[in-house]
Amino acid sequence: MFKKFKLNTLLLFLPLTTLIFCFNSPKNDDEKMQTIMVSVKNTLSYLHYSPKPINDAYSQNVYDKYLEMIDPAKRYFLQSDIDEFAKHKTKLDDYINKGDLVFYNLTYNRLFDRIDKIDKATKDILSKPINLDEDETIILEPKKKKFPATEQEQYNEWKKFIKYNILQEIETLNAREETQKKKKDSVQKHNLKDTIKVEILTPEQKRLKATDEVKDLVTESFKRIKKRKKMDWFTVYMNAYTEVFDPHTSYFSPKDKDEFDSQFKGKIIGIGALIQEKKGYLYLGPLTIGAPAWKSKQLNEGDKILKVRSKPNEEPVNVVGMLSDEAVRLIRGEKGTKVTLTVEKKDKTIREVTMIREEVAIEDTFARSIIINAPNGKKYGFINLPGFNADLRTPKEEMLPMILKMKLSN
């Protein structure tokens with residue numbers, strides 16, 4: 001088990017160490033990606049505990065997996081795109097051997113070209129009255145769907161998809177209204193204090209509310225997609241290679257690896273607040289009791305984050321419109337260092353809050369136990385183990401007693 005764990009861990013680190021120790025460090029993202037491709041291939045071929053041949057059959061499986069990962073519902077690409085991509089179906093093994101980005105660049109550029117066009121199309125669809133009474137059919141199961149043959153066909157499919165989501169939202173409003181009615185009836189029947197408010201909306205009000213909700217959802221989804229950088233999509237491409245090779249092997253980009261280490265360790269260096277993204281803005285979520293954000297007495301859940309100054313001698317970075325994980329990297333840092341958040345409070349006042357970063361435990365990742373004394377005199381123990389915890393950077397001599405303890409306790 002430990003042998004397998006070490007080899008899989010090495011798979012995560014080797015592409016990064018190759019970047020560090022190569023004689024000519026990559027100068028741009030393309031060179032980095034090329035180096036990573038070759039490093040991942042070498043790791044899979046020579047260091048994986050169960051190597052497989054990297055050949056045309058493997059290439060075809062990677063091709064299918066990758067397309068499934070970037071367009072799982074067949075909503076972005078046209079059939080003509082797939083026909084063009086298919087010319088590379090048996091060449092992906094050659095590309096990873098040489099670090100050739102021709103297929104990745106083709107699919108990445110085409111994907112964003114399609115996304116731009118579909119984004120404009122959905123705005124056009126939502127800008128006009130939508131008839132929800134038409135008798136139409138929509139296929140949701142990807143395996144039963146075909147890629148659209150033309151842009152007009154794609155437009156029509158997106159229109160039906162938007163209608164489907166609006167109808168679902170209306171049904172949710174109906175169900176919520178019915179639930180509140182039942183609660184109110186029950187309270188009145190039992191002569192209890194009635195504090196339940198039931199808001200009855202007309203069918204037209206529900207249609208407008210549902211349409212606005214879906215419009216926000218579609219707009220935000222395209223914003224999030226467009227914010228992802230080329231290197232982020234490259235991680236998806238590399239994971240198509242690793243997951244086909246072995247479903248338990250993954251490629252981690254540097255930021256993904258840092259996040260994995262933090263979650264696995266169960267601790268982070270930061271301010272102890274969740275960062276939530278909503279409609280292009282970042283907000284503070286629940287604060288961890290005893291952490292810097294909570295101790296400041298100046299921050300609250302729901303505060304809008306405008307800027308982050310990672311270091312006292314640096315200019316603050318405007319985080320409006322930024323992805324939450326990028327803002328989190330700015331907020332985290334070395335223990336004992338200062339970080340300043342500029343926030344907008346709920347009363348619209350602006351405030352700068354400076355905190356000292358501390359080590360914060362991710363409580364939800366730790367094991368918990370309870371002992372229950374039964375009436376018959378027996379004791380029952382319950383253990384909740386959300387995940388395994390370990391500091392992967394702990395020296396071996398410190399890890400050994402922990403491993404021995406695990407064995408003894410088992």
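A search of the whole structure, which is a predicted model, finds one cavity of 30 Å³ or more. Rolling a probe the size of a water molecule over the atoms shows where empty space is left. In this model, the largest cavity holds about 30 Å³ of space.

Which residues line the largest cavity? They are Tyr66, Ile70, Tyr104, Thr107, Tyr108, Leu111 and Trp233. By class, this lining consists of six nonpolar residues, one polar residue and no charged residue. Two helices, helix 3 (56–70) and helix 6 (102–126), each contribute at least two residues to the lining. Helix 6 gives the most, with four residues.

Two packed helices are described by the angle between their axes and the distance between the axes. For helix 3 and helix 6, the axes come within 12 Å and cross at roughly 25°. Angles under 35 degrees count as roughly parallel, and helix 3 and helix 6 are therefore roughly parallel to each other. Their crossing is right-handed. On the side of helix 3, the contact involves Tyr63, Tyr66 and Ile70; on the side of helix 6, it involves Phe103, Tyr104, Thr107 and Leu111. The contact of helix 3 with helix 6 comprises six nonpolar residues, one polar residue and no charged residue.

From helix 6, the residues Phe103, Tyr104, Asn105, Tyr108, Leu111 and Phe112 meet Lys230, Trp233, Phe234 and Tyr237 of helix 9. This contact divides into eight nonpolar residues, one polar residue and one charged residue.

The remaining contact to consider is that of helix 6 with helix 7 (residues 151–189). How do the axes of helix 6 and helix 7 cross, and within what distance do they come? They come within 10 Å and cross at roughly 55°. The two helices are therefore oblique to each other, and helix 6 passes helix 7 in a right-handed crossing. Helix 6 makes the contact through Arg114, Lys117, Ile118, Ala121, Thr122, Asp124, Ile125 and Leu126, while helix 7 provides Glu151, Gln154, Tyr155, Trp158, Lys159 and Ile162. Sorted by class, the residues of this contact are seven nonpolar, two polar and five charged.

Methods:
Residues numbered from 1 in each chain as written. Predicted model: local features only at pLDDT ≥ 70, side-chain atom pairs only at ≥ 80, totals over all residues. Heavy atoms only, no water. 1 Å grid on protein atoms, 1.4 Å probe; cavity = no way out; pocket = protein on both sides within 12 Å on 5 of 7 lines; lining within 4 Å. Points joined across faces, edges and corners; volume = space filled by probe spheres on them. Nonpolar A, V, L, I, M, F, W, Y, C, P; charged D, E, K, R; others polar. Axes fitted to C-alpha atoms, helices over the stretch in contact; angles between N-to-C directions. Parallel < 35°, antiparallel > 145°, perpendicular 65-115°, else oblique. Left-handed = near helix turned anticlockwise from the far one by under 90°. Contact = heavy atoms within 4.5 Å.
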